[in-house]
Amino acid sequence: METEIIKIRPGEGPVSEEDEEKLRAAGAILQQGGLVAFPTETVYGLGGDALNPSSSQKIYAAKGRPSDNPLIVHIYRFEDIYKITKEVPEEARKIADAFWPGPLTMILPKSDAVPYETTGGLDTVAIRMPSHPAAQKLIKYSGGYIAAPSANTSGKPSPTVAKYVEEDMMGRIDAIIDGGEVGIGLESTIIDLTVTPPQILRPGYITQEKLSTVLGTVDTDTTILRADSGQAPKAPGMKYRHYAPRGELTIVEGTPGQVREYINRAAAADHTAGEKTGIIGTEEMLSGYIADVVKSVGSRKDEGSIARHLYTILREFDDEGVTKIYSEGFSTEGFGQAIMNRLLKAAGHKVVKL
């Protein structure tokens with residue numbers, strides 16, 4: 001298969017007339033059962049017609065993704081939710097008013113319009129309304145319902161720039177829309193509204209604290225930061241290893257001095273043993289590290305910068321052939337919980353506590 005690269009204006013500003021025509025053409029590909037990767041405000045998504053069973057099957061095949069791992073259905077206006085759900089509780093309207101369009105996915109009972117191929121065999125459907133203008137236009141021109149996991153080979157770090165979509169998907173899908181670097185860099189928060197109280201199944205930019213201000217009591221899956229999540233995979237990313245670089249990643253937690261000393265000592269031993277070493281550090285500690293490759297993930301004063309850079313750094317370590325990687329740990333409060341959730345999955349929950 002030949003994959004078309006469609007370049008549009010980078011960023012999340014208004015869509016130009018020229019780009020709108022490109023997005024209209026890409027929407028036609030989706031209507032015809034093809035697959036198109038596209039930017040959202042979180043990561044790049046791999047889109048297919050959510051109401052077409054064969055399109056969802058093609059998504060699983062392109063990603064090498066287990067078919068019991070649900071896909072998120074993307075819509076561009078709230079009223080479209082009624083076609084794909086059996087019921088829309090008041091909680092859904094409340095959080096949609098507060099956070100849509102944006103990086104929030106809600107789980108509701110699915111209607112018969114949504115094939116089981118899209119929901120991973122479940123009677124629930126995950127729904128999101130992205131805020132990225134190009135994504136909104138694409139959804140509109142595709143017919144209104146795009147099933148879209150992240151646009152990477154299953155298990156690898158999600159792409160935040162089109163370069164890595166091309167690396168994974170060239171020859172596997174019909175088109176890639178290159179809209180530059182995305183803004184947030186981590187996948188959406190997922191909240192299950194089929195249980196009482198509502199429960200967060202995947203942390204993201206919309207934190208438990210933010211959701212609680214709208215809904216009152218909101219639970220979080222207590223195993224989100226553990227390796228033995230007991231939840232059934234009602235949402236993407238709950239059952240299988242995700243976000244992993246090719247090199248072996250270890251997270252190190254402790255005081256700044258302890259973390260720096262341990263990481264430098266371990267990296268030196270690995271280097272002597274013939275490994276190519278990499279360190280993921282924050283701006284506050286970066287100058288004290290010694291390894292083959294040392295990268296700043298951002299500042300602890302700005303968790304958003306850490307989220308934006310994390311997946312790209314993991315991909316860059318792959319590009320540079322790094323075989324042993326060490327990373328500082330991060331806070332598990334607020335947005336930090338989402339960062340640690342992804343980092344722990346990338347490390348296969350390999351953590352050194354000092």
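Predicted model: local features only at pLDDT ≥ 70, side-chain atom pairs only at ≥ 80, totals over all residues.
## A tour from the β9-β10 loop

Start by selecting Pro-197, which lies in the loop between β9 and β10.

Select Trp-100 and Pro-101: the peptide bond from Trp-100 to Pro-101 is cis, with omega near -10°. Pro-101 sits in the loop between α4 and β5.

**The sheet**

Now show the strands. An open sheet of 11 strands, with mixed pairing, runs in the order β1-β8-β2-β3-β7-β4-β6-β5-β9-β10-β11. Its edges are β1 (4-7) and β11 (219-220), each of which pairs on one side only.

Select residues 104-109 and 124-128, which are β5 and β6. These two strands run antiparallel and are joined by 5 bridges. Within this pair, Thr-105 has Arg-128 in β6 as its bridge partner.

Helix α2 (residues 53-63) touches β3 (44-49) and β7 (146-147), and its direction makes about 145° with that of β3. Helix α8 (residues 208-215) touches β5, β9 (189-192), β10 (199-202) and β11; the angle between its direction and that of β9 is about 40°.

**The cores**

Select Ile-75, Ile-95, Trp-100, Met-106, Ile-191 and Leu-211. These residues have the most contacts inside the largest nonpolar core, which has 43 residues. The elements giving two or more residues to this core are β3, α2, α3 (81-84), α4 (90-99), β5, β6, α7 (162-169) and α8. Of these, α4 gives the most, with 4 residues.

Centre on Ile-191 and display its neighbours. Leaving aside residues up to four places away in sequence, Ile-191 touches Ile-95, Leu-104, Thr-105, Met-106, Ile-107, Pro-198, Gln-199, Ile-200, Leu-211, Leu-215 and Val-218.

Then move to Ile-313, Val-322, Leu-343 and Leu-344, which are among the residues of a second, separate core of 27 residues.

**Two loop residues**

Select Glu-333, in the loop between β15 (324-328) and α11 (336-346). Is Glu-333 buried or exposed? Glu-333 counts as exposed because its relative accessibility is 54%, and the cut-off for exposed is over 50%. A distance from Glu-333 to Met-106 gives 21 Å between C-alpha atoms, for residues 227 apart along the chain.

End at His-349, in the loop between α11 and β16 (351-353). His-349 has a positive phi of about 60° although it is not a glycine. With a relative accessible area of 25%, His-349 is partly exposed.

Conventions: Residues numbered from 1 in each chain as written. Heavy atoms only, no water. Pairing = 2+ DSSP bridges. Contact = heavy atoms within 4.5 Å. Axes fitted to C-alpha atoms, helices over the stretch in contact; angles between N-to-C directions. Core = buried A, V, L, I, M, F, W, Y, C linked by side-chain atoms within 4.5 Å. Buried < 20%, exposed > 50% of the residue type's maximum accessible area, 1.4 Å probe, protein only.
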